[in-house]
Amino acid sequence: MVPIPTNKTDLVHGSLHATGKGKFRAYNHFEPQRGSYDLLPFRLHHMPDDRYLVSNEAGEYVLLASQDLKRLVEGKLEPTDPLYADLSAAHFLYDETSNSAIDLLAVKVRTKRDRVADFTSLHMFVLTLRCNQSCPYCQVSRQSEDRAAFDMSEEHIDKALDFAFRSPSPAIKFEFQGGESLLNMEGLRHVVTGARQRNRSAGKAIEFVAATNLTSLSDETLEYFKQEDIHVSTSLDGPQDLHNENRPYKGKDAFGIVRRNIERARRVLGPDSVSALMTTTSKSLGRVKEIIDEYIEAGFSEVFLRPLSPYGFAIRGRAFYEYEPDEWIAFFKEGVNYILDLNAQGIQFREAYSSIILQKLLSPSGTGFVNLQSPAGVGIAGIIYNYDGAIYGSDEGRMLAEMEDHAMLLGHLDDSTFEDVFLSERLFAVLSESLPESSPMCTGCGLLPYCGADPDYHYAQSRDVRGHKALSGFCQKNMAIIEWLVESLDRDDERSQILRSWGE
Amino acid sequence: MAAETTVEVDAELYSVSVIESAIYRLALSLAGRVSPAGNLGYRVYLAAKQADLTEEDLQHLFHTQLVDESLREKVDEKTTDLRNLILAHAFSRSGIIGPDPDEQD
């Protein structure tokens, strides 16, 4: 270890000071001696171009040639080497001139992970399991529109609100899920009224988002959304034929309806209050440019290129298996490249998943994206209250339950307390077993700070929340995307400048 | 028929955990088995999982991965204590790490 200076003799290296008469230490005092540095902890990833991405606990990274990495690890870097200063500044090594390195790095680690202390900010209410569409890739087993046992009761809503307001997080987002959430407007109003009432004393920053297919959007509902500042998140899968094939609606033109209602909602609620998500099916492959054009045509400023998840009808109907990770990665890259071309032509538009990863690569703060967190976001980033009162740590957990697998069940609103859920062995087990820092392969992976755990995905695939990362589609996709974004940033051209702006 | 090969690994250069980590990380491409080879080190049997991989590919993949895993092990050996110190320091004032229950009495 580099010794911490303890007396004047240790401090003095320069000839000026050696006389004992000078006021300042000589220049060469600040030049460490060869081999006098120590390593700070880091991980590494072998990039496709044979360089290494080396990252520290705070997510700062450098790209090193193989011989430079070996020199660094073996203590053979010269202080005069420009790389030495870069690695010191980015907290990969320290010497006697950088005694505050550990403190600084600790502060950066804390900043990056400050969300962990403020759990849980996202509370999802499955207001109903009823839906009026019959999407073949639906990740939740849909039920018919018959109003019966599939709506969330007011009693369960009240208990879920009590849970939500016990969360330490100073900001809470209430998200209305389904089925089709607007089919239970009474329940939705009950959540909003109850949340506003409780927040008079709680004083949290609260936000409401309705996930809806917009097929049953009335003027009255829109007016209510405006009055209560409720945002809308809808589904738009691309051009008319693709959207209608992916999201059938009783033989009607679902695409035309959603496009018209996006416009209506935007006029009433404002352009920033309406967002959309797409899901990639095998029918989407080869059509990414058309999908992006459709989003631009519909007035959106971003698209989230999402693969199918291994849950619900996506598994039963085999839609999930209709394309391999490689095909999705090619689809994704083609889409982002197209968006970069559009930006170069002056069209401001971005891809959401890239933006999240770029923020993780470039920003000192963490992101709130549930699937790319360590520890996993299960329970501590988001929690979901099912229509029947069951509590899951994530939307995917309840999707598994709809497939008769209750491994991710954390409790029930009828008989579980807040402590029962958040101190449960099951939640701790999922979080600790899936922790990337202690998972084989992830533990030494340089991409770890930009990736996550996603225990639901791995459980659904292999009945193991950790999964085998060398065989994991989640790992394969994220590794390919992060590598590609890092290489793109490194080119330092117009496209890399655009990508940097997405990460700010 | 899928390619297979056997590689001798010098125990003075690479530990068994490095060899196992290399096999684990390459699990999409190959299966491996480690066995002792006298005082010299280890004998590693590698079998391709992908039809287009040759014997030379298997050896190249494995040796490249050995070097990477060995570097990881060296960095870990030198920095594990420091990593724990940094993480403890980072969360010491966050409220996440509570007082030791044994010290509260």
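Helix α6(A) passes helix α7(A) in a right-handed crossing; that is, the near helix is turned clockwise from the far one by less than a right angle. Helices (H or I, at least four residues) and strands (E, at least two) are DSSP runs, numbered from the N terminus. This is a predicted model: local features need pLDDT of at least 70, side-chain atom pairs count only at pLDDT 80 or more, and totals for chains, interfaces and linings use all residues. Residues are numbered from 1 along each chain as its sequence is written, and chains are lettered from A and ligands numbered from 1 in the order in which they are written.

Back to the pair. α6 (154-166) and α7 (185-202) of chain A pack at about 35°, axes 10 Å apart. Axes are lines fitted to C-alpha atoms, for helices over the stretch in contact, and angles run from 0 to 180 degrees between N-to-C directions. Contact means C-beta atoms, placed from the backbone, within 7 Å. A:Leu161 and A:Phe165 are among the α6(A) residues there, and α7(A) brings residues including A:Val191 and A:Ala195.

Now the sheet. It is open, with nine strands of chain A in the order β12-β10-β9-β8-β7-β6-β14-β15-β16 and mixed pairing. Which strands stand at the edges? β12 (305-306) and β16 (409-412) of chain A do; each has a single partner strand, so one side of each lacks a neighbour in the sheet. Pairing takes at least two DSSP bridges. β15(A) and β16(A) are antiparallel, over three bridges. One joins A:Ile391 to A:Gly411.

Last, the chains. Their contact takes 23 residues from chain B and 22 from chain A. On the chain B side, α2(B) gives the largest share, 15 residues.

Note on methods: Two residues are in contact if their C-beta atoms, placed from the backbone, lie within 7 Å.
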